[in-house]
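Please look over the model below.

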Amino acid sequence: MSACVQDAPLPHRPAARPPVRPGWTGEPLRLAALLAPAAAVFAAFFLLPLVRLILIGAGGTAGWSAYLTTLADSGHLDSLISTLALSAGVTLVTLAVSTVAGLFLVRNRFPGHALLVALLTFPLAFPGVVIGFMVIMLAGRQGLIGTITQALGAGKLVFAYSMAGLFLGYVYFSIPRVILTVMAAAEKLDPRLEEAARSLGASSWRVVADVILPALKPALISAGALCFATSMGAFGTAFTLATRINVLPMTIYTEFTLQANIAAAAALSVLLGLITWAALAVARSVAGTSVAAAG
Amino acid sequence: MHSLSNRRGWGFWLQLGFTLLVCALLTVPMAMSMLAGLTANYFVGLKSGLTLHWVDEVLRVYSGTILLSLQIAFACLACTLVLGVPAAYALARRPGRIARLVEEMLMMPVAIPGLATALALIVTYGGVGDLRSSWLFILIGHVLFTLPFMVRAVLAVMGSIDLTTLEEGAASLGAGFLRRFATVVLPNCRSGILAGSLMVLTLSVGEFNLTWLLHTPLTKTLPVGLADSYASLRIEIGSAYTLVFFLMIVPSLILMQGLFRRGRPSV
């Protein structure tokens, strides 16, 4: 594809760039041509369908106000609120747990260190359904927690098939990712700052609270936003645990498949997409780095 | 910075205990599920004996889903390489507002829940020919979802090397663009391409959020089969199936961890 654009006229280049050398003519066109296939696929299979989805959401009798009236449905509103609360809780717990563990692993070296890091980051790419099964293994009817509580004579504790199980699942899913982010950020900290604080007489806790945590703030914000967005939009774990769990992705799925209410499903998923996208965009502008959800 | 806090006081042991507890939370269920897949009767426990019977059963019933997942994953890898590496190169060569905007746009399928993307694909292309019942429909979803990971992994490496100088050197020796791209750009980015490829394969094999809505009874992937088996079959079969899934993704997870340790940017 490059040969044909080689002889194209040379557009003006920004002054800051070095002078053009022979053989570099037509570069902008070539770059555009290299980007074109990805852009075409993206436009045809993502942007166009997304616009279609947004229009369908507004295509009911209520028109564009459907995006607001869909929340007047108390079921939908409940599901939105419980999903927001769940995601916020998961984010806080995951950040706290991962910061403690991540900082500890960066600040200490001991035998088995590498193995521990490897084990902690291993579930990074597990799909939601498998996470759901892990929760069943822990807290399901034949799960570990129930067996232990029963052995202790406290009765069988089973909470996998509820919001608590989903909470555990999302924390499980998010810990590896957040630990990696915390460790990467903590490794870049300037040790002289900590030495200075110590030489001024600061205790370990003061060093953590006044020096290390503020320095980690951008990383924690971007990891937290990622965790929040993933918990808002994930579907597989809830699907594995119980279809009765009232979270937004399950509501959308039910509207679409069982009620065949495509307009409501479209409106709700556009709303959900806006929330997750906004969470990541806000984090990006605060933290200055690119973040993205997965899973 | 580790030397300072290495006094190994009670704080050290407390934090070590906590970290080990977190590690147990993550690994104990994995170990339990692997063991359950090899246990003759999970309800009775290990004393019922170890067996490969359940794994055999899974391979017999679900081999179609495993093969389809591998087929989609490698097709997805091919697509993301062909689309993503040139795109990353274009973005790296012209950093600026437009490149940032394009990168931002390409990230959207990851920022927006797979459920929404799948619904959008169904309402737009669900009625086009036989696409709805073809595995290509799932492939489209997977390419959208994994492309950003390939672009970002390659872009991160391209950003850390002086591509312009390398290329100018080759150009001054008379190398045309295709030659420069194949012999200078690609070899210098191979760690990024490798990291991106592993990520794409792993994510595609495990993708469920999009796939559950896009699949049909004739195009069931591994995670779809997993969800089926968790919902309807005995725990040993679900566990054995999960074990097969672990065995499929473990090689790429280990390779990825190796890349992370070498200080490659995480994706």
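## Helix α3 of chain B

Helix α3 of chain B covers residues 97-111, 15 residues in total. Helices here are DSSP runs of H or I, at least four residues long, and strands are runs of E, at least two long, numbered from the N terminus. The expected span is 1.5 Å times one less than the number of residues.

Buried residues in α3(B) are B:Leu106, B:Met107, B:Pro109, B:Val110 and B:Ala111. Buried means that 20 or more other C-beta atoms, placed from the backbone, lie within 10 Å of the residue's own.

## Basis of the model

This is a predicted model: local features need pLDDT of at least 70, side-chain atom pairs count only at pLDDT 80 or more, and totals for chains, interfaces and linings use all residues. Residues are numbered from 1 along each chain as its sequence is written, while chains are lettered from A and ligands numbered from 1 in the order written.

## Contact between chains A and B

Chain B brings 77 residues to the contact and chain A brings 80 (C-beta atoms, placed from the backbone, within 7 Å). On the chain B side, helix α1 (residues 10-38) gives the most, with 15 residues. That side divides into 54 nonpolar, 19 polar and four charged residues. Nonpolar covers Ala, Val, Leu, Ile, Met, Phe, Trp, Tyr, Cys and Pro; charged covers Asp, Glu, Lys and Arg; the others, Gly among them, are polar.

## Annotated spans

An unreviewed UniProt entry annotates "transmembrane region" on chain B, including residues 193-215 and 235-256. Such annotations may be inferred rather than shown by experiment. Residues 193-215 of chain B are 78% helix and 0% strand, with end C-alpha atoms 29 Å apart. Residues 235-256 of chain B are 100% helix, with ends 30 Å apart by C-alpha atoms.

Note on methods:
Two residues are in contact if their C-beta atoms, placed from the backbone, lie within 7 Å. A residue is buried if 20 or more other C-beta atoms lie within 10 Å of its own, exposed if 12 or fewer, and partly exposed in between; C-beta atoms are placed from the backbone.
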